[in-house]
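Colleague: Hi, could you walk me through this one? I'd like to start with the aromatic side chains.

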Amino acid sequence: MEQNKINQKAGTLEQLLTATVQHLSETIASFSDGSFNRVPFEGSWTAAQVSEHIQKALDGINQMVNAPTQSTTRDPEQYINELREMME
């Protein structure tokens, strides 16, 4: 893929992720303390627990996309079949 197209797609992805995180932050801020920590039904997570889980996932994504990289020397599709099998 041409580098300009890659940069455009990365920029679009970053904008979408930023907008989604902003919307999530606004939604979380709308909870009262009581409802944020209330267990809705037995065995479920509170909104606070779900929020913490999402934050940890986002931190991992941030670390992954900002980690140092290098060009690969292998065929990018070398492991495609194994990945497909994992996703089934």
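Modeller: Happy to. This is a predicted model. Let's begin with Phe-31, which is partly exposed, at 35% relative accessible area.

Colleague: And Phe-36, buried or exposed?

Modeller: Phe-36 counts as buried, because its relative accessibility is 19% and the cut-off for buried is under 20%.

Colleague: How many aromatic pairs are there?

Modeller: The count is 1 aromatic pair. Phe-31 and Phe-36 form that pair, with 5.6 Å from centre to centre and 55° between the planes.

Colleague: What do you call that arrangement?

Modeller: The pair is tilted, because stacked needs planes under 30 degrees apart and edge-to-face needs over 60.

Colleague: What does Ser-51 contact, leaving aside neighbours within four places in sequence?

Modeller: Ser-51 is in contact with Phe-36 and also with Ile-28. Ser-51 sits in helix H3 and is buried, with a relative accessible area of 18%.

Colleague: Switching topic: how much space is in the largest pocket?

Modeller: The largest pocket holds about 360 Å³.

Colleague: Which helices supply at least two residues each of its lining?

Modeller: Those are H1, spanning 3-29, and H3, spanning 47-65. H1 gives the largest share of the lining, 6 residues.

Colleague: What classes of residue line the largest pocket?

Modeller: The lining has 7 nonpolar, 4 polar and 1 charged residues. Among the lining residues are Leu-13, Glu-14, Leu-17, Gln-55, Leu-58 and Asn-62.

Colleague: Which of those is the charged one?

Modeller: That's Glu-14, because Glu counts as charged.

Methods
Residues are numbered from 1 along each chain as its sequence is written. This is a predicted model: local features need pLDDT of at least 70, side-chain atom pairs count only at pLDDT 80 or more; totals for chains, interfaces and linings use all residues. Side-chain values use heavy atoms; hydrogens and water are left out. On a 1 Å grid over the protein atoms alone, a cavity is a set of points where a 1.4 Å probe fits but cannot get out, and a pocket is an open set with protein on both sides within 12 Å along at least five of seven lines; lining residues have an atom within 4 Å of a point. Grid points are joined across faces, edges and corners, and a volume is the space filled by probe spheres set on the points. Helices (H or I, at least four residues) and strands (E, at least two) are DSSP runs, numbered from the N terminus. Rings of Phe, Tyr and Trp (its six-membered ring) pair if their centres lie within 6.5 Å; planes under 30 degrees apart count as stacked, over 60 as edge-to-face and the rest as tilted. Buried means under 20% relative accessible area, exposed over 50%, partly exposed in between (1.4 Å probe, protein chains only). Contact means heavy atoms within 4.5 Å.
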